[in-house]
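Colleague: I'm new to reading protein models. Could you take me through one, feature by feature?

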Amino acid sequence: MDLKSVSSLIKMFSPTCEVLLKIIKDGTGPIKGDVDSSYEAITTFEFIFVLQLEKEIMEIADLLCQALQRQSQDICNALRLVACTKLLLQKMKDERWDGLLSLVMSFCQEHNIDILDMSSPYFSRGARARNEHSDHTLKHHYRGGGGSTKLLRLSTTLDPKSFDDPFRSGDVIKLVDKFYPDYFIEQEKVVLKIQLQHYEIDVVQHVDYKLLTSMSKLCQWLINTRRVANFHLIY
């Protein structure tokens with residue numbers, strides 16, 4: 001997903017919610033249940049936080065992404081942009097994190113989304129059920145430890161613009177474990193590993209893959225070629 005796509009998602013959040021609510025009200029059968037689940041997922045603090053964080057990251061990395069897309073690349077300039085991008089991401093974490101949280105809270109308040117108590121203890125999935133003690137608060141969890149840089153690095157393996165680099169299926173697994181632990185049950189993680197093996201051959205090595213210019217184009221291609229059914233967890 002690129003900067004334009006993320007910005008559009010944020011701008012279209014309210015209209016999207018209105019459409020989903022209308023379908024929930026008037027719809028019937030399985031589609032109503034699917035839409036209801038989607039609505040519940042996007043109207044959470046965590047979803048809004050990740051969306052706003054991704055926008056911040058994309059804004060910082062946009063110049064680097066544009067440079068890497070040019071056919072005639074100046075490797076020295078590209079390396080300098082990589083260094084600058086890394087420093088700016090660290091600066092965002094050190095100096096703008098509280099502002100990001102405030103922006104997320106304001107957005108949630110505007111759209112009647114429950115705001116989490118940042119001073120509450122954070123439990124990883126399953127830890128609460130095991131009655132384990134937590135030494136971290138939700139604020140520590142969302143602030144992370146170099147999380148923004150790691151999120152960007154792990155996500156790049158799914159970007160078709162990185163086709164010249166080896167496909168790192170392990171990074172996708174780390175992405176799930178680190179940033180989306182509550183979205184995948186253990187059995188789905190097993191299936192995801194299997195899908196990734198086929199994905200590397202059927203998608204990454206496909207001639208059309210090298211022609212895709214963004215994550216959104218990749219998603220459209222997966223749908224148009226009906227591969228989304230085979231790789232739904234990756235999608």
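This is a predicted model: local features need pLDDT of at least 70, side-chain atom pairs count only at pLDDT 80 or more; totals for chains, interfaces and linings use all residues.

Colleague: How many helices and strands does the chain have?

Modeller: Helices (H or I, at least four residues) and strands (E, at least two) are DSSP runs, numbered from the N terminus. Here there are 11 helices and zero strands. Along the sequence the pattern reads α-α-α-α-α-α-α-α-α-α-α.

Colleague: What percentage of the residues in the chain is buried?

Modeller: Buried means under 20% relative accessible area, exposed over 50%, and partly exposed in between, using a 1.4 Å probe and protein chains only. Of the 235 residues in this chain, 33% are buried. Contacts tell us something too; a contact means heavy atoms within 4.5 Å. Among contacts in the chain with a separation of 6 or more, 63% join residues 24 or more positions apart.

Colleague: Now helix packing, please. At what angle do H1 and H4 pack?

Modeller: Two packed helices are described by the angle between their axes and the distance between the axes. Axes are lines fitted to C-alpha atoms, for helices over the stretch in contact, and angles run from 0 to 180 degrees between N-to-C directions. For H1 and H4 the angle is about 150 degrees, and the axes are 9 Å apart. H1 is therefore roughly antiparallel to H4; the cut-offs are under 35 degrees for roughly parallel, over 145 for roughly antiparallel, 65 to 115 for roughly perpendicular, and oblique for the rest.

Colleague: Is the crossing of H1 and H4 left-handed or right-handed?

Modeller: A crossing is left-handed if the near helix is turned anticlockwise from the far one by less than a right angle, and right-handed if clockwise. The crossing of H1 and H4 is left-handed. Leu3, Val6, Ser7, Leu9 and Ile10 of H1 meet Leu51, Gln52, Glu54, Lys55, Met58, Glu59 and Asp62 of H4. These contact residues divide into six nonpolar, two polar and four charged. For that sorting, Ala, Val, Leu, Ile, Met, Phe, Trp, Tyr, Cys and Pro count as nonpolar, Asp, Glu, Lys and Arg as charged, and the others, Gly among them, as polar.

Colleague: At what angle do the axes of H9 and H10 cross?

Modeller: H9 (residues 169-179) and H10 (residues 186-204) have axes that come within 10 Å and cross at roughly 155 degrees. That makes H9 roughly antiparallel to H10, and their crossing is right-handed. Ser169, Val172, Ile173, Val176 and Asp177 from H9 make the contact with Lys189, Leu192, Lys193 and Leu196 from H10.

Colleague: Which residues of the largest nonpolar core touch the most other members?

Modeller: A nonpolar core is a set of buried Ala, Val, Leu, Ile, Met, Phe, Trp, Tyr and Cys residues joined through side-chain atoms within 4.5 Å. The largest one has 29 residues, and Phe13, Phe45, Ile48, Phe49, Leu53, Trp97 and Val104 touch the most other members. Helices H1, H2, H3, H4, H5, H6 and H7 each supply at least two residues of this core, and H4 gives the most, with eight. Apart from it lies another core of 22 residues, including Leu158, Phe167, Leu175 and Val204.

Colleague: What does Leu101 touch?

Modeller: Not counting residues up to four places away in sequence, Leu101 touches Phe45, Phe49, Met118 and Lys139. Leu101 sits in helix H6 and is buried, with a relative accessible area of 4%.

Methods: Residues are numbered from 1 along each chain as its sequence is written. Side-chain values use heavy atoms; hydrogens and water are left out.
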